[in-house]
Structure formats: C-alpha cells, structure tokens
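Please look over the structure shown below before reading on.

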Amino acid sequence: MQGFASEFNQALSLILQGDAELWAIVLLSLRVSLFAVLISAAIGMPVGAALAVARFPGRRMLIILLNALMGLPPVVVGLLVYLMLSRSGPLGVLELLYTPTAMIIAQVVLVTPIVAALTRQVVEMLAEEYAEQLRSLGVSQMASVPVLLWDARLALMTALLAGFGRAIAEVGAVIIVGGNINHVTRVMTTTIALETSKGNLALALALGAILIGIAIAVNAMVSSLTLRAEREGLRHA
Amino acid sequence: MRDVLTGIPGTLEVRDLAIARKGKALLDVPYLCLDGPGPTLILGPNGAGKSLLLRCLHGLISPDHGRVCQDGIVLNADHKARQGMVFQSPVLLRRSVAANLDFVLKRQSIPRAMRKQRIAALLSEGGLEGKARQSARSLSGGEAQRLAILRALALEPETLFLDEPTSALDPGATQVIERMVLRASAKGVRIVMVTHDIGQARRLASDIVMMQAGRVVEHGAAGQVLDAPESAESRRYLAGGLVT
C-alpha cells in the first residue's frame, strides 16, 4: 500500500514539476492526434455529407460499410498501414515507417470512418428538415452540402471530438507503425504500456492521469456542445 | 411572356394534374387557371390536397400525370427562381435572423453593402428590427413565420406560395402575417395561399379555390364562393358541416 502511495506521489510531482520527458510525450500525442483529426475532418465531413444528400444505387450498403468501419480493430489498422509503409510495401519508398507521420496515417484510417459516419447521420437528419426549403430557394442537392455542414457545425464538433477521443486513447495501431521509439514516436498510450511492463509506474500513472484528464475534458466539451445543439434544435432535426 | 389564354403575366395553369398513391387519387385536377390580380386562397378540409397542389404549383413535387404552366410555358427553373414559398412550419437556418435573409440575398450575388440595406429594410417590414443578431431558432412562432415570409420576399418573387402560414398562430400574430401578405399583394406579388380558415379566406381572398378529396370543386371570386357557393361540398364546408 505504501508502495502505491509513493508511486502516486512521484506521478503527481512529475506532472506538477513539469517533467520535460513527460510533457514531450504529451505534446507529441496531442500533435499526432490533432493532425489526424484535422485530416479526418477534411476527408470525412464532405464524404459523410455527400452520402447524406446523394441518392445512388448501393448507397445503403455503403452506409452499412461505413458504420462497420467505425469499429475497426486498431491492431488490424496498424498491421495494414505497416504493410503499406514497410520497405517492401507500395509506399515503402516514402520511408515513413516508425515516424510520427506513420502514426498520423494510422489514426486517420481509424478516425475518418467515425467522422464520416457521424457526419452522415447528423447531416441526413438536417437535410430531411431543410430539403423542401432549400429546393424552394433554388439550392441544388450538391450546393446544399456546405449549407448543411455549416448549420450542423455544433453537432459536427461533437463528431470531431469523438474522433479525437478515439485517436488519443488508441495504442494498438500507433505502437505497430510508430515503434514506440524514445523521443521520436513515443506517445502517452504506448509509454504507459511500456513503462508498466518495466515497473516504472510513476511515469505510467502520470501519463494515465493526464490521458484521463484529456478524456474528461473532451467529454465535457461534447456534453456542452450537445446541450447547445439541442437548444438550437439540431438534435431534433 | 404572356399567357396564351388570358394574356395576364404570371398566370398559373394546371392541366390534367394527377397524383395517386396505392391506387388512391390524392390529386385530380383536370384544369385550373389562376389569373386573378389579388390573393388566391385555396380552401378546404384537411386531406383535401391543398398543400399537394401548392407544391405542384411551385415545382416541389412532380405529378404522376399532367403539367403546371406559367405564362403558357411548362414550369421551368426560371419560373421557379421567381417564386417563393412559405411552409406551415417555418424552416429557418440555424443562424441569426439577419443571416437567414443574407443567405438568400447572397445567392442573388447582391453586393455586401446593398445586402445590408436590404436586410435592414426587410427587418423593418416584418417588425424584426431589434432581432437581427438573435438566433433565428429562438424566435417565437409568429416571429419565425414573419422571418420566413421576409426571406421569401427577399427573392423578390413574382409569386409567393404560402402553406397555412398562420395555422399555429394566435389571432394577434395571424393579423400581423395577414397584413404582410396584403402588403406584398398590393406591391404586385401574386399570392397563392392555402388555408382551412374561412374567416381568413374572407379577409384576404380575391378568388377562392375550394378543394375536397383531391379535386377542385369550385373556383371563383371570393364573394361568390363564400356567399353563394355552387357546389354542395362548398356549401357543407362553409356551413361547418363534415365534408366526406
């Protein structure tokens, strides 16, 4: 019991004293996940919105597939990205394996389906409400996409935060493509796994506490945005 | 462009219009010509096909059969661009009051300075001057409907369709909307409005289209249809009886 208390105290002092190694890991994690979410937003939002308003054969199947991709196992994504980026893979020439860029790519693969699927749901509900009005105002189906994305912005922020939550807490994919190299690709989750196995619980606990703090902050933001979206009538679109 | 039959610009004509679902005729209008200068009110009980006819006239619904013509030409994108529509429940963008109007004006490529002037004038027209920056979704029912009408008027339409715009409003808010409709009509906007309120038809209509079970049972001058209806369905509806 005394051992645990001592580890907690050490973890606390690492956080409060601004331990350089700890905060470098935190910053790298935030940098990788934020970049991944931004790229996922740029791809997933237009795709999700287009899927919400367009009508074509096979659309229903595509939506089912997209929803299924939300639950992609991170280790499988890590393996696939590894195969693509490895020396003998199609993108091996880029020499991206074991770099933060490889980790961003893996997280983009994981997060984009989440952003696209949630965007599709939100925009489709709004599109149903707006459909006749926008047609009456002469707005074509494709021209309605930016209108819908803008008007659904609060709910879409929730989708992005959900994607960020998935990215920052993910370990399986980034450890495969990043390699958990000290000062290069070591992020919070991979460090926690490594340091725990080494018995260095203080650093693992400190990072765990920060990760939980980030998760709580993200959830608080989601909850606040959801409340605002409800007040604006978005959730009942 | 002038109508081949009446010669009045902006004349709407319906020929052999039919919509059916699961073998049931929802709309069956062999011929209808809306060429009067004042507001046309489409009157009838729930399920009479009033809103369906309005949507066909605005080109929101394609009929199974038949066509709608404006000025003798089958309704096209140019015609639709000169029409506005206000729905029973106002559908407002999740933006400020002013941004809802700006959205329509921007689509007409009006320069920013002119848009600001137009927005101020429109807000004044609808008594919403102090609410420009307020979220449109936070307006009361009457204010929201006024904004919906202003947004439709921002298109400077030749024809304004209104689908029971006051059905959920109290008498005071209804009166404000009716005044807006009459002002627009006085400025030369052709008004085609659906209602089931006989009093409203009496207050606003120049001519009345009486509908029942998807058919037009009578069309004529408001005074004639309301005071000396020719059809048995109109007489029953106006007497407050159940129309079956």
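The sections below cover the model itself, then chain A, then chain B.

## About the model

This is a predicted model, in which local features need pLDDT of at least 70 and side-chain atom pairs count only at pLDDT 80 or more, while totals for chains, interfaces and linings use all residues. Residues are numbered from 1 along each chain as its sequence is written, chains are lettered from A and ligands numbered from 1 in the order in which they are written, and side-chain values use heavy atoms, with hydrogens and water left out.

The pLDDT, which is the predictor's confidence in each residue from 0 to 100, averages 91 in chain A, where 96% of the residues score at least 70. Helices (H or I, at least four residues) and strands (E, at least two) are DSSP runs, numbered from the N terminus. Within chain A, confidence is highest in helix α4 (residues 74-85), at a mean of 96, and lowest in helix α1 (residues 2-16), at 85.

V75(A) lies in helix α4 of chain A, and with a relative accessibility of 47% it counts as partly exposed; here buried means under 20% relative accessible area, exposed over 50%, and partly exposed in between (1.4 Å probe, protein chains only). Together with V76(A), L79(A), L80(A) and L83(A), V75(A) makes a nonpolar surface patch of about 430 Å². Patches are made of residues with over 30% relative accessible area and no salt bridge, like charges being joined within 9 Å and nonpolar side chains (Val, Leu, Ile, Met, Phe, Trp, Tyr) within 5 Å. A salt bridge is a side-chain nitrogen of Lys or Arg within 4 Å of a carboxyl oxygen of Asp or Glu, and accessible areas come from the Shrake-Rupley method with a 1.4 Å probe, only the protein chains shown counting as cover for residues.

## Chain B: strands and sheet

Chain B has nine helices and ten strands, and buried residues make up 53% of its 244 residues. Its C-alpha trace spans about 55 × 40 × 35 Å along the principal axes.

Two strands pair if DSSP finds at least two bridges between them. In chain B, four strands form an open sheet with antiparallel pairing, in the order β2-β1-β4-β5. At the edges stand β2 (24-34) and β5 (73-74) of chain B, each with a single partner strand, so one side of each is left without a neighbour in the sheet.

Strand β6 (residues 83-86) of chain B runs parallel to strand β7 (residues 159-163) of chain B, and four bridges join them.
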